[in-house]
Structure formats: C-alpha cells, structure tokens
Amino acid sequence: MNTSTLDMDHDHVELLIGTVQTAADANAKAVRNTVLSPRFYTTDFAAMDRLDVEPVRTEWDVMMKEYEGDNNHDHFQRDAEFAEEVKKLMPQLSPEMRQEFLDFLISSLTSEFSGCILYNEIRKHVSNPDIKQLMTYMARDESRHAGFINQSLKDFDLGIDLGELKRQKNYTFFKPKFIFYATYLSEKIGYARYITIFRQLERHPDKRFHPIFRWFERWCNDEFRHGESFALIMRAHPHLLRGGNLLWIRFFILAVYATMYVRDHTRPLLHEAMGFESTDYDYEVFRITSDICRQVFPIEVDIDHPTFRACMTRLVELSIANAKAKERGGVMGLIGRASTAVQALFTFGRLYLLPVKKQDLPADIRMQPTW
Ligand SMILES: [Fe+2]
Ligand SMILES: [Fe+2]
C-alpha cells in the first residue's frame, strides 16, 4: 500500500497542520500539545542521580572524551551563502509548501528544545558526576540545534520565544526507564531522519530547497552520540532490557514509529520537493533505526510485515478522519472523533500484537554513524 491510497490532498494537510501566518501563530503551535506534536518531559531526578555507569566505564570514558572534544563547536554558524540562498529560494516556495516547511521547522525546533530542557533540568538536579557531565554536554548540543533552527524561522519573522515556550508548555512526567526508551529512540530516529535527508540531497543538490539541509550531516552525528549515551546507560542496567520491560520497549518503538509516520504524511509536498515519497522516506528511516536499535533492544518490530504496513496506512486515514470530524464540530463531530479514536487504538493494538523478531545483544555496545 502506498500514499496514493491515502488521498492526502492539501485540504487534509491544512486540517492536520493548520496555518501559520504570524509569529503568534508559530509560538502557539510550538506550545500546543497534540497527539503528534513533540512534548516536554520531566522525570524522577533522585533516581537519575542514583544511576551507575561503572559496568560500562571504558566505553563511557571514550564517549565523554568525544563530547569534550566538541567537534561541532563551530558548526552551527551560518556561512556567507546561507542568507543568499534563503533570499533566492524561499520566495519560490508555494504557499502550501511554505506551510509544510514551517510545520517541519517548528516541530523540529520544539523537539530539539525539548531535549535541551530535559537534559538541563537533570543536570541541575543531580550531583552524580557522570550524569551531570553527560547532561551538560547534551544540553549544550541541543541548545545549539534549537537556536540554529530558530534563526531560520526568524528569516520568516516567525521566531519562537524559547523562554516563553519553556514557561507555557505543559510537561509530561516519565519515570527514568521511560525517558531512556523514548529518548534513545528519538535521538536515533532523529539521526536516521537527518542522515536520510542529507544523503538524498547530496545525490540531488538541485532539490535542496533550503540551506539548512547542508548542516544535517555533522548535526546528526550529535544526535547519534546522544543516543549512544542512553544505550550505555541502559546496557549498564540490563534489567531494563529484559523480562516485562520488553513489553514497554515494544510499546515505545511502535509509538515512536507510528507518530512519526502519521506526522510525516502531513507533509507530502516537503518530501516530494526532496525527491522522496513520504512512505518510502519513513520506511528508510525505520530500517536505519531498527538496525541501530540492535545495540540495545533484544526485540525488533517487523517493519516489512504486511499487517504492519496496512496498520500504518490506516492510522494516517484515521487521523484525517479525526481532523475532519473535529472541523465538522457538533454532536456528529464528537461522535466521529470518538469513533476514530477507538479505531486508532484498535489499530495500534493490532500493531502491538504482531510477532517481533528476537536477537542477542552485541558484546561491543558502541556503534559508529556510518549511514
Ligand atoms: Fe538535537
Ligand atoms: Fe539530540
């Protein structure tokens, strides 16, 4: 099944992502929590303080040296051509494409800033030197990433007030193990997303419609390393990777994959401009992420299973139906929304019950970003 069966025309896209015209719209969009938008997290800091990385000390020290070396310290600065490319290319975007690109920038910024806040809060609340040092480095990186995206929003006069965002957005509490599963996955999937875009535009430079994509290669190595940090923490606490926790791991993999899939299908023009089709792009990202996750997760979802693919498509259809019901309003709208929500839950349940592949964890934990 592919997106042609999804009938994702521009009216559907607009229903799902809304329209951003002013800086107030952009800021409101970043603050709003929906099923698909990136969230802010808080956690049990005392439990974070008790983490012990001694079982992976050798790998940990090597990783900390890499953070200390800070090979991206001069990367997040615009070069001379950046402004010229923006001036030349942005007026060429159609209004629909512009909305999809803004949606991409705002959700990417929110997600980068979410990491920045979480890592910074953990840093402030722990005294464990290993965790404090790690969080200092990761918050440093995420703050650069968020700031760099915000500069591109400012080109449109749509800069996000990060101080206000931090104050206004709701925080979701996750206990540490859920932070590890979710953050590990989002760092690695972030790497896979950025590198897939970078490689595609490296092959087709004529499709690079904004200069920010030139930054993605060195950028995604930061995300890869952040993921490595959570991999080491989880491998140092092996009970997190067996028994009943495997059910949680399965849940988080599917939740992260399904959210990305539905959200990406709200940006068909963006992918088309890069020479992708949203479904193909997402399966490439799933494939890379699943390959990487073998360093920590003893189970893997079967992304090529026909039911997996059918359920992903179904979730996109249901999110369109849900948005239409919301627009309709009234009692019928409410019934429509409740019905699509139940069907989405049922579809997610079907995904959850699919058989998973099992594997032994490698003795050598660390991986290199070679995609
Ligand atoms: Fe980042
Ligand atoms: Fe990151």
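Biologist: How do the axes of H9 and H11 cross, and within what distance do they come?

Modeller: In this predicted model, the two axes come within 10 Å and cross at roughly 40°. That angle makes H9 oblique to H11. The crossing of H9 and H11 is right-handed.

Biologist: Which residues make the contact?

Modeller: H9 contributes Lys177, Tyr181, Ala182, Leu185, Ser186 and Ile189. From H11 come Asn245, Trp248, Ile249, Phe252, Ile253, Val256 and Met260. Sorted by class, the contact of H9 with H11 has 10 nonpolar, two polar and one charged residues.

Biologist: What about H1 and H14, how do their axes cross?

Modeller: Their axes come within 9 Å and cross at roughly 75°, so H1 is roughly perpendicular to H14. On the H1 side, the residues are His12, Leu15 and Leu16. They meet Ser319, Ile320, Ala323, Lys324 and Glu327 in H14.

Biologist: And how do those residues divide by class?

Modeller: Four are nonpolar, two are polar and two are charged.

Biologist: Different topic. Which residues touch the most other members of the largest nonpolar core?

Modeller: Phe180, Tyr184, Tyr194, Phe216, Cys220, Met234 and Tyr261 do, in a core of 53 residues. The elements that give two or more residues to this core are H1, H4, H9, H10, H11, H13 and H14.

Biologist: Which element gives the largest share?

Modeller: H9, with 12 residues. As background, nonpolar side chains tend to be buried together in soluble globular proteins.

Biologist: Take Tyr194. What is it in contact with, leaving aside neighbours within four places in sequence?

Modeller: Tyr194 is in contact with Phe216, Trp219, Cys220 and Glu223.

Biologist: How many residues are in the second core?

Modeller: That separate core has 29 residues, including Ala30, Leu105, Tyr137 and Leu270.

Biologist: Now the loops. Where is Asp70 found?

Modeller: Asp70 is in the loop between H4 and H5. Its phi is positive, about 50°, although Asp70 is not a glycine. Most residues other than glycine have a negative phi.

Biologist: Is Asp70 buried, exposed or partly exposed, and why?

Modeller: Asp70 counts as partly exposed because it has 13 C-beta neighbours inside 10 Å. The exposed class stops at 12 or fewer, and buried starts at 20 or more.

Biologist: What is the phi of Asp157, and where does that residue lie?

Modeller: Phi of Asp157 is near 60°, again a positive value in a residue other than glycine. Asp157 lies in the loop between H7 and H8. With 9 C-beta neighbours inside 10 Å, Asp157 counts as exposed.

Methods:
Residues are numbered from 1 along each chain as its sequence is written. Chains are lettered from A and ligands numbered from 1 in the order in which they are written. This is a predicted model: local features need pLDDT of at least 70, side-chain atom pairs count only at pLDDT 80 or more; totals for chains, interfaces and linings use all residues. A nonpolar core is a set of buried Ala, Val, Leu, Ile, Met, Phe, Trp, Tyr and Cys residues joined through C-beta atoms within 7 Å. Helices (H or I, at least four residues) and strands (E, at least two) are DSSP runs, numbered from the N terminus. Two residues are in contact if their C-beta atoms, placed from the backbone, lie within 7 Å. Axes are lines fitted to C-alpha atoms, for helices over the stretch in contact, and angles run from 0 to 180 degrees between N-to-C directions. Angles under 35 degrees count as roughly parallel, over 145 as roughly antiparallel, 65 to 115 as roughly perpendicular and the rest as oblique. Ala, Val, Leu, Ile, Met, Phe, Trp, Tyr, Cys and Pro count as nonpolar, Asp, Glu, Lys and Arg as charged, and the others, Gly among them, as polar. A crossing is left-handed if the near helix is turned anticlockwise from the far one by less than a right angle, and right-handed if clockwise.
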